[in-house]
Amino acid sequence: MEMIHWGHAHLGTVAGAIRLLLESVSVLCVAMGLIATLAMLLGVFWRSGRFTLSPHAVRLRFGTWLGMALEFQLGADIVATTVNPTLQSLTELAILAAVRTFLNYFLQKELEAGERLAAERSEGVAAAGSPRSENP
């Protein structure tokens, strides 16, 4: 019984540490996404002397990292609400979860469309570069 009281007393501290960790990882995801996107842009510029990437490729790179950051933020919100389940915190969680899920859903749809577009372009380039075989 004493162990339960000790665990309950320290649950807030543990949850706070986990929340801080999740929020930190979320910020790192955004920072890493920025660095990866800038590296991609600068790499293309370095090789060609101009920015030849499509905006879709840039959004695809950065959007992937933003989607991951949203997932970590939602996890942090869930942990915070688990420890302090007041009506206000539950309402805030519901609103945040709805907004983040909405953003993540449409971001994912856009990323999938960008991946399809990139695949179609690469298939088109490959088909244009390969010799056609004629059927008798």
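Q: Does Thr 37 count as buried or exposed, going by its relative accessibility?
A: Keep in mind that this is a predicted model. Thr 37 is found in helix 1, which covers residues 2-48. Buried means under 20% relative accessible area. Thr 37 has 7% relative accessibility, so it counts as buried.

Q: Which residues is Thr 37 in contact with, leaving aside its neighbours within four places in sequence?
A: Contact here means heavy atoms within 4.5 Å. With the neighbours within four places in sequence left aside, the contacts of Thr 37 are Val 58, Arg 61 and Phe 62.

Q: Is Pro 55 buried or exposed?
A: Let's move to helix 2, residues 55-83, where Pro 55 is found. The cut-off for exposed is over 50% relative accessible area. Pro 55 has a relative accessible area of 59%, so the word for it is exposed.

Q: What separates the C-alpha atoms of Pro 55 and Gly 114?
A: Along the chain, Pro 55 and Gly 114 are 59 residues apart.

Q: How many aromatic pairs does a search of the whole structure find?
A: Rings pair if their centres lie within 6.5 Å. Searching the whole structure this way gives a count of two.

Q: What kind of pair do the rings of Phe 102 and Phe 106 make?
A: Their ring centres are 4.8 Å apart and their planes sit at 65°. Planes over 60 degrees apart count as edge-to-face. That's why the Phe 102 and Phe 106 pair is edge-to-face.

Q: Where do Phe 102 and Phe 106 both lie?
A: These two are four residues apart, about one turn of the helix. The helix in question spans residues 87-129, and it's helix 3.

Q: Is Phe 106 buried, partly exposed or exposed?
A: Buried stops at 20% and exposed starts over 50%, with partly exposed in between. Phe 106 has a relative accessible area of 44%, so it is partly exposed.

Q: What kind of pair do the rings of Tyr 105 and Phe 106 make?
A: The centres of these rings are 5.0 Å apart. Their planes are at 85°, so this pair is edge-to-face.

Q: Which residues do ring pairs link into a cluster?
A: Phe 106 pairs with Phe 102, and Phe 106 pairs with Tyr 105. Put together, the ring pairs link a cluster of Phe 102, Tyr 105 and Phe 106.

Q: Where in the chain is confidence lowest?
A: The mean pLDDT of the chain is 81, and 89% of its residues reach 70 or more. Confidence is highest in helix 1, at a mean of 87, while the lowest mean, 79, belongs to helix 3.

Terms used:
Residues are numbered from 1 along each chain as its sequence is written. This is a predicted model: local features need pLDDT of at least 70, side-chain atom pairs count only at pLDDT 80 or more; totals for chains, interfaces and linings use all residues. Side-chain values use heavy atoms; hydrogens and water are left out. Rings of Phe, Tyr and Trp (its six-membered ring) pair if their centres lie within 6.5 Å; planes under 30 degrees apart count as stacked, over 60 as edge-to-face and the rest as tilted. Buried means under 20% relative accessible area, exposed over 50%, partly exposed in between (1.4 Å probe, protein chains only). pLDDT is the predictor's confidence in each residue, from 0 to 100.
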